[in-house]
Amino acid sequence: MTSDTARSQTSAPPLLEIRGLNLDFGSPRGRIHALRNVSLDVRATQVMGVVGESGSGKSTLAYTVMGLLAENAEITGGSIAFDGHDLRKVSPAARRKLLGDRLSMIFQDPMTALNPVLTIESQMIAIQHHQGGSPGEKRTRAIDMLKRVGIPDSQSRIGAYPHQFSGGMRQRICIAMALLVKPALLIADEPTTALDATLEVQIIHLLKELQQEIGFSVLFVSHHLGAVAEFCDRVAVMYAGEVVEQGAVREIFHNPAHPYTRALLACDPGRIRERTRSLPTITGEVPSLLGSRQGCIFRDRCPHAFSRCVEENPVEYHLRTTQVARCHLLDHSQVISA
Amino acid sequence: MLLYLCKRLVLAVTISVTAVTLLFLMIHAVPGDIASILLGPRATPEMKAQLYQQMGLDKPLVVQLATFFGGLLHGDLGFDVFSQRPVADIVLEQLPYTLELILASILWAAAIAIPLGCYSAVRRNSAMDHIVGVMAVSTIAIPSFVMAVYALLIFAVSLRWLPAIGAGEGFADELIHLLLPSFAVGVGWVGYIARLLRASMLETLGENHIRTVRAFGVSEWRVITRYALPLAILPTVTILGVGIAWLLSAAVFVEVVFARPGIGALIVQAVNSRNYPIVMGTVLVTTFLIVIATTVSDLVNAALDPRIREEL
Amino acid sequence: MQPLIRAFGKNSDMASVEFIPAQVRKEPGAARTFLRQLGKNRLGTLGAVLVLILLSSAVFAPLIITHDATRIMVGPRLADPSSEFWLGTDQLGRDTFSRMIMGGRIPLLVAFASLGSSLVVGLALGLIAGFGPRWLDNLLLFLFDTIRSFPGIIFALAVIALLGPSMSSVILVIAITSMPIYARVVRTQTQALRNSEFVAAERSMGAGTTRILVFHMLPNVIGPLLILVSMDVPAVIAVEAGLSFLGMGVRPPTPDWGAILNEGYSNIQQSAWLVIAGGIPIVMATLGFTFLGEALRDIFDPKLRKYL
């Protein structure tokens with residue numbers, strides 16, 4: 001793998017480039033601004049993590065890239081470029097050509113992600129509709145892929161129905177399906193959230209192995225900091241629909257710049273060193289995303305908030321080599337302003 | 001599976017036994033003399049006595065019941081004194097006509113309702129969806145015999161496109177004769193199935209596995225027909241089994257209107273002539289038919305849904 | 001009391017098809033709210049109008065008719081409509097219009113009589129099953145399920161074969177076949193309430209079973225039950241008309257829609273007017289009551305939709 005410095009200086013455009021993305025959900029109470037001014041890149045063969053609390057918009061971001069949003073969602077600004085295609089303007093037919101070919105996805109809940117009345121075999125053959133080859137060849141490829149994701153006895157198990165597999169096995173099957181189409185970018189929406197802890201580790205290891213072996217890019221959405229630290233090259237921290245900080249995993253985890261990232265890391269039970277009986281929490285609640293608002297989104301819960309946080313939206317401040325954060329506190333001394 | 005079939009059999013037997021016992025009790029509770037009703041006021045006491053003996057009515061109630069159930073075990077539903085033939089023969093002779101009418105009407109209903117239901121679900125809240133919704137409620141509400149008489153009036157009497165009465169002879173002719181009656185029976189179900197399918201289709205389209213196949217760029221048409229319909233159709237199949245009772249009721253009227261032979265025509269005729277053995281036989285056969293139909297629909301459901309298959 | 005019942009409804013056995021969360025509304029101005037909501041529902045309004053027309057024409061039938069509905073006249077037979085006979089005459093020379101107007105009284109009477117008695121019996125049996133001992137509950141459940149598993153019309157025909165065709169036979173048959181559903185709804189509701197806290201509280205204060213049944217069970221089950229009954233009206237009208245059509249309802253010469261339709265059917269080659277006069281009111285009645293019933297359900301108990 002190339003170093004972070006080398007990567008940030010690469011002249012080739014990133015595989016996925018999201019710039020200033022704004023997305024609203026229409027609701028009876030008004031428009032919910034679910035994504036606000038979101039910008040991030042996923043480079044070829046790189047794993048990009050997206051972390052945040054529930055409701056921070058990280059899954060919405062994944063679905064926006066896939067074009068699988070609910071009917072009441074509307075992109076109001078920004079751009080999503082993937083592999084030379086403008087995903088905001090692409091026709092439904094052209095999008096379908098990309099999905100299941102250059103782009104594929106694994107979902108949060110493996111228990112319901114597979115069709116209960118069709119065999120694994122027929123589902124795995126059907127999703128290769130963009131690929132050439134006879135059904136026999138597709139079946140062979142499916143069996144090979146099942147073997148690779150660690151389904152024992154895949155030759156005969158492929159004829160079984162989803163309910164005959166455990167949750168962990170089903171997620172392996174979902175991963176096999178998503179990789180079977182040889183995607184350039186795999187979008188993983190909390191693939192381990194519905195699984196218990198030991199399985200979670202297994203799945204993360206599996207994904208990491210396959211990623212290093214095959215070399216696809218990943219947009220990895222998770223609220224589990226440990227999984228992100230282990231699997232990702234870069235990470236974007238989302239809060240209430242905004243990316244508050246992003247950069248190389250090593251930099252962010254060692255030197256978090258944004259107060260929210262710091263609070264998030266402080267709350268991760270895996271990182272707590274001292275003995276304690278109470279887990280730390282971030283006080284306050286995620287603000288309502290209804291209507292327009294000015295100022296820093298995190299100011300209500302931020303221990304360091306000052307007057308500027310109310311008046312002005314923080315811009316991106318570049319720190320170190322790859323790290324970018326949106327916080328007014330960074331607007332002096334060592335910081336090179338954007 | 002075996003346990004399930006046993007349960008079904010027990011259910012069928014219990015219901016039939018209860019039905020027959022109730023009818024027996026009611027025959028005896030009827031005010032007046034059955035023989036005089038059957039033979040008319042001019043019957044001589046000897047004729048009455050003979051009829052009583054033939055029908056077994058001279059024996060105590062318990063013996064009558066026992067004889068009847070004993071016969072039932074050998075497939076004997078009793079004896080019709082009017083035509084001097086076994087009741088089983090008469091009923092089974094008419095059964096195929098009713099079955100083909102019911103099957104044809106299910107085909108009609110399915111052929112119209114499945115596309116309508118899918119369309120309504122996919123284009124939710126469109127003008128067409130609202131029209132289908134109103135149509136659904138209307139076709140459920142309008143009684144089948146009114147539908148049948150109007151179908152007869154329009155297509156057979158006024159337009160003269162289709163034959164008005166009878167069951168026809170030869171395969172093609174029978175099919176043509178089946179068109180209008182089965183439409184009249186089936187149309188009441190179009191709305192019902194379309195409505196049911198719309199609801200289950202909407203539910204299915206919101207499920208996660210549909211999102212999965214969409215994420216693989218599968219076309220909407222294939223998503224609906226190949227991935228959603230096999231699941232969304234399941235409640236409809238269940239209802240089809242239960243709804244055989246409803247279809248049988250509709251068939252009674254439609255057979256009378258189109259002067260078709262069949263179970264419905266038979267029971268109406270038997271009721272008019274107070275021919276109790278035939279009435280009893282028909283009730284028994286139809287009750288059994290309904291239990292069989294629900295069993296068949298359960299089995300079809302099991303064939304379509306591997307999860308149910310394992311439970312049986 | 002209301003939230004308690006709702007909360008309880010969630011905990012109880014929701015797999016049961018007939019369990020219906022109770023909702024009783026008696027706020028002031030409820031009638032006006034209801035009318036406004038009905039007005040918003042276009043089909044419901046149409047249904048209400050149709051039902052009003054049918055009800056008033058049945059009530060005021062003797063004032064509307066132009067001829068004696070049963071008198072056989074020497075005039076033209078199977079005549080087309082004229083200024084004298086608005087819808088023509090039937091095969092006996094009777095005025096079709098007058099027969100049609102008078103013919104609405106029987107179906108409506110049958111519907112009210114049969115559903116009313118079925119409601120009372122169903123309520124009583126349901127309360128007994130829900131509140132009584134276990135064996136009685138099982139016995140009654142078996143009875144309900146047996147009745148429900150018969151094919152409706154065929155059961156009706158069998159009973160009529162025994163009792164002879166008459167209006168009372170029709171009422172009896174309909175009352176018997178529609179009772180189990182009501183009884184089951186009441187039973188499920190009663191069982192849910194039986195174990196609830198406020199009934200236990202009443203008990204502890206020394207309230208008798210009758211008091212609990214009348215003051216607590218009844219108000220909670222009567223609302224959903226009435227909606228169910230209103231939704232059964234079109235089916236009852238259809239069955240009544242159907243039996244008359246088969247010649248197994250009211251006896252001639254009493255005018256009745258089903259009987260008129262049957263006369264029209266017999267003479268369908270000569271004249272379509274009798275078929276129209278017999279069929280259109282049946283269609284109007286079944287559609288009107290259906291639309292109204294669905295609107296009532298949507299307004300008063302949207303949850304009921306799921307259970308039907």
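Reader: Which chains have the most contacts among the two pairs of chains that touch?
Author: Residues are numbered from 1 along each chain as its sequence is written, with chains lettered from A and ligands numbered from 1 in the order in which they are written. A contact means that the C-beta atoms of two residues, placed from the backbone, lie within 7 Å. Of the two touching pairs, the one with the most contacts is chains B and C.

Reader: How many charged residues are on the side of chain C that touches chain B?
Author: Here 35 residues of chain C are in contact with 38 residues of chain B. Two or more residues each come from α7 (134-149), α8 (152-163), α11 (209-245), α12 (257-266) and α13 (273-300) of chain C, helices being DSSP runs of H or I with at least four residues, strands runs of E with at least two, both numbered from the N terminus. Nonpolar covers Ala, Val, Leu, Ile, Met, Phe, Trp, Tyr, Cys and Pro, charged covers Asp, Glu, Lys and Arg, and polar the others, Gly among them. By these classes chain C's side has 26 nonpolar residues, eight polar and, as charged residues, one.

Reader: Which element gives the largest share of the side of chain B that touches chain A?
Author: 19 residues of chain B are in contact with 24 residues of chain A. Elements giving two or more residues are α9 (208-215), α10 (220-232) and α14 (306-311) of chain B. The largest share, seven residues, comes from α9(B).

Reader: How far apart are the closest C-alpha atoms of chain A and chain C?
Author: No contact joins these two chains. Their closest C-alpha atoms lie apart by 20 Å.

Reader: Why does A:E245 count as buried?
Author: A:E245 is placed in strand β10 (residues 242-248) of chain A, and among the residues it touches are A:V237, A:I252 and A:H258. A residue is buried with 20 or more other C-beta atoms within 10 Å of its own, exposed with 12 or fewer, and partly exposed in between, the C-beta atoms being placed from the backbone. A:E245 counts as buried because its C-beta neighbours inside 10 Å number 30.

Reader: Where in chain C is confidence lowest?
Author: Chain C averages a pLDDT of 78, and 88% of the residues score at least 70. Over residues 1-27 of chain C, pLDDT stays under 50. Where pLDDT is low, the predicted coordinates should not be read in detail. The lowest mean in chain C, 32, is that of helix α1 (residues 2-11).

Definitions and conventions:
Predicted model: local features only at pLDDT ≥ 70, side-chain atom pairs only at ≥ 80, totals over all residues. pLDDT = per-residue confidence, 0-100. Lists of a residue's contacts leave out its neighbours within four places in sequence.
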